[in-house]
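The following paragraphs lead the reader through one protein chain, from its overall form to particular residues. Please keep the sequence and the three-dimensional view at hand.

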Amino acid sequence: LRGFRFLHVSSAFPRKGVDVLLRAYFDAFDASDDVSLVLKTFPNPHNATGELLDVLRSGHPNPPDVRWIDRDLTEHELDGLYGLAGCLVHPARGEGFGLPVAEAMLAGIPVIALAYSGMADFVSEQTATTIPYRLEPADTHLSVPGSVWAEPDRGALTEAMRRLADRPDDPTITERVDRARSLIEERFSWEAAAHRWSNFIADLRDQAERPRVAVVSTWNSRCGIAEYTKSLVDASADRVDYEVYANRDVEVLERGAERGVVRSWVDQWHPDLAALDEALDRTDPEVVHLQFNFGFFELGRLAELIERQHRRRGVVITLHRTAEATIDGRQVSLAAIAPTLAKVDRVIVHQSSDAELLASMGLVENVSIIPIGTSEAPAVSPSEVRRALGLGTRPVLATFGFLVPHKGVIELIGAIDALRREYPDLVLLALCARHPDGISAAYEARVLSEITRRNLSHHVVLVTDYLTDEVARAALVAADAVVLPYLNTQESSSAALRFVLPAGRPIIASDLPIFADATDALLTVPPGDVTALQNAVRRVLTDPALHADLAARVVSATRRFRWSLSAAEHRRIYTAALRSRPA
């Protein structure tokens with residue numbers, strides 16, 4: 001071996017980052033350098049180390065020294081590898097723990113790694129040379145929809161390896177090694193592990209308690225977030241005691257649902273939150289859970305409320321939109337209150353793209369991705385609903401959601417007009433409730449005008465009443481396919497999609513980030529492309545195998561997103577927020 005030795009120990013699965021390590025190593029060194037890289041892997045179907053080494057060596061005029069061990073070693077032999085290493089390099093994209101990193105630290109070996117995933121328990125600027133990363137969709141053999149991993153910065157890794165090989169006696173490195181060894185000895189001994197098990201058992205006992213949570217949200221009104229909050233509260237009713245703090249000056253849907261609701265704020269254009277602050281203190285909840293959209297709160301006042309409440313109790317916030325918004329002609333961004341959001345116990349978002357955007361604002365450690373939930377499937381069959389609605393055997397499409405321009409209803413009507421020549425009995429059930437926003441009323445007039453202009457009154461049934469969940473979801477069961485032809489939108493996730501999933505019908509949707517976490521269950525089309533929409537509908541109506549496959553995928557997605565899973569995750573977050581507070 002050469003004078004300075006880098007070591008890497010792993011399975012060489014893609015998430016271990018061996019590809020990034022090798023490319024960075026070949027960028028940093030050549031055969032003239034007094035440096036060796038020892039790779040310890042083992043044979044498995046996902047280990048492409050040999051192929052990658054062949055490519056890199058053939059493309060390098062003077063390749064650096066690499067020693068590859070691809071077999072099992074005894075504990076004594078593995079200890080020998082640690083004994084010869086000058087540095088352990090572990091650019092893994094994600095780890096449950098990262099045992100080789102902890103072992104290297106205990107052995108007094110400098111470490112280069114990412115302070116991400118399980119490794120973040122002991123990898124930091126205080127204990128290792130850390131590599132920057134960006135969150136990207138994970139590309140693994142597990143194929144878990146919506147999962148992300150950390151893509152290491154190859155240039156930074158190259159520089160870090162070069163610097164450490166040139167200056168192995170740098171006092172900064174020595175200090176990190178000493179701190180790392182102390183951390184592993186103190187926190188990751190068997191005694192420390194047993195202590196954590198003891199705490200875990202105590203936590204299980206704590207879970208018998210019901211956290212008292214004040215949820216600040218729209219409620220019992222024509223609002224998707226109001227529906228979201230109600231579904232969350234209902235799904236958590238047996239494990240969490242919720243109090244609802246809702247907005248004033250709204251059209252209440254059900255008087256019976258107002259029992260116990262405190263209406264103490266208005267909206268972004270009426271920003272004073274003093275009444276909400278006082279109301280929260282009168283009942284003294286253990287955790288405050290804020291449901292956020294830009295129209296709800298003025299950011300400065302919201303930050304002040306969070307700061308005040310966080311001094312007294314746990315604070316959780318769900319961001320239903322993370323992309324900046326235009327309000328009264330000015331751009332508004334969450335970046336303006338990022339330092340405050342960094343203090344809350346947990347920031348909840350719905351998509352990995354939201355987490356990536358927050359990461360660009362410096363928000364990583366306290367961010368969780370919890371998809372919007374789905375309800376139980378309606379207890380009715382398509383034939384029963386068709387009989388009740390008098391639809392017979394007609395081809396039926398359905399769409400659902402508030403009647404606003406970005407939902408693409410006019411574009412869908414254009415597709416219906418073209419398709420009725422092939423399907424003279426085709427009918428569209430447009431269950432599109434009118435939103436209180438004046439934009440919705442204006443759009444309704446345009447939709448009705450389009451139906452009249454195209455002479456489609458016998459082919460389009462537009463329902464703008466706010467139907468109960470049971471009625472709307474049962475009506476969707478009658479459809480041969482549900483169509484969500486959205487145009488471009490900056491909203492983070494689609495509550496409408498989660499609503500229609502339990503109907504179990506094939507879903508055609510625009511290829512947009514708002515549907516990203518459920519793309520595997522959808523037949524997607526480019527947004528605004530009426531011809532592509534027609535073709536997708538035609539395929540679903542004429543191809544029984546495709547119809548059955550899409551329906552099966554929808555059922556699978558419904559199970560994956562069910563509200564019971566979301567409720568359990570929320571309860572864990574509330575409990576953690578409680579435990580983090582001073583006694």
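This is a predicted model: local features need pLDDT of at least 70, side-chain atom pairs count only at pLDDT 80 or more; totals for chains, interfaces and linings use all residues.

In what follows, Ala, Val, Leu, Ile, Met, Phe, Trp, Tyr, Cys and Pro count as nonpolar, Asp, Glu, Lys and Arg count as charged, and the others, Gly among them, count as polar. With these classes in hand, the second largest pocket can be described: its lining consists of 18 nonpolar, eight polar and six charged residues.

The pocket has a volume of about 680 Å³. It is lined by 32 residues, and those closest to its centre are Gly146, Ser368, Ile369, Ile370 and Pro371. Several elements contribute to the lining: strands β7 (133–137) and β17 (367–369), together with helices α12 (352–360) and α20, each supply at least two residues.

The chain as a whole may now be considered. It comprises 583 residues, of which 51% are buried. Its secondary structure consists of 20 helices and 23 strands. Taken along the principal axes, the C-alpha atoms fill a box of roughly 85 × 60 × 45 Å. Among the contacts in the chain with a separation of 6 or more, 74% are between residues 24 or more positions apart.

Two packed helices are described by the angle between their axes and the distance between the axes. Helix α8 (residues 224–235) packs against helix α20 (residues 563–579) at an angle of about 80°, and their axes lie 9 Å apart. Angles of 65 to 115 degrees count as roughly perpendicular, and α8 and α20 are therefore roughly perpendicular to each other. On the side of α8, the contact is made by Tyr228, Ser231, Leu232 and Ala235, while α20 contributes Trp563, Ser566, Ala567, His570 and Tyr574. Six of the residues in this contact are nonpolar and three are polar, with no charged residue.

Asn220 has a phi near 55°, a positive value in a residue other than glycine. A residue is buried when its relative accessible area is under 20%; Asn220, at 10%, therefore counts as buried. Ser221 is buried as well, because its relative accessible area is 6%. Leaving aside neighbours within four places in sequence, Ser221 is in contact with Ala226, Val250, Glu251, Leu253 and Tyr466.

A positive phi, near 50°, is also found at Asp328, again a residue other than glycine. Asp328 is placed in the loop between β14 (325–327) and β15 (330–332). Is Asp328 buried or exposed? With a relative accessible area of 60%, Asp328 is exposed, since the cut-off for that class is over 50%.

Apart from neighbours within four places in sequence, Pro285 is in contact with Arg212, Val213, Ala214, Glu243, Leu280 and Arg313. Pro285 and Val148 are separated by 137 residues in sequence and by 34 Å in space, C-alpha to C-alpha.

Burial is also found within helices. Gly50 is part of helix α2 (residues 49–58), and Gly50 counts as buried because its relative accessibility is 17%. Between Gly50 and Pro378 there are 328 residues of sequence separation and 53 Å in space, C-alpha to C-alpha. In helix α16 (residues 469–476), the residues Ala472, Arg473, Ala474, Ala475 and Leu476 are buried. Which elements do the buried residues of α16 pack against? They pack against the helices α13 (382–389) and α17 (495–500) and against the strands β18 (396–400), β19 (427–431) and β21 (481–484).

Rolling a probe the size of a water molecule over the atoms shows where empty space is left. A search of the whole structure finds one cavity of 30 Å³ or more. The largest cavity holds about 40 Å³ of space. Its lining is formed by Glu411, Pro485, Ser510, Val525, Pro526, Pro527, Gly528, Asp529, Val530 and Leu533. By class, this lining divides into six nonpolar, two polar and two charged residues.

Technical notes
Residues are numbered from 1 along each chain as its sequence is written. Side-chain values use heavy atoms; hydrogens and water are left out. Axes are lines fitted to C-alpha atoms, for helices over the stretch in contact, and angles run from 0 to 180 degrees between N-to-C directions. Helices (H or I, at least four residues) and strands (E, at least two) are DSSP runs, numbered from the N terminus. Angles under 35 degrees count as roughly parallel, over 145 as roughly antiparallel, 65 to 115 as roughly perpendicular and the rest as oblique. Contact means heavy atoms within 4.5 Å. On a 1 Å grid over the protein atoms alone, a cavity is a set of points where a 1.4 Å probe fits but cannot get out, and a pocket is an open set with protein on both sides within 12 Å along at least five of seven lines; lining residues have an atom within 4 Å of a point. Grid points are joined across faces, edges and corners, and a volume is the space filled by probe spheres set on the points. Buried means under 20% relative accessible area, exposed over 50%, partly exposed in between (1.4 Å probe, protein chains only).
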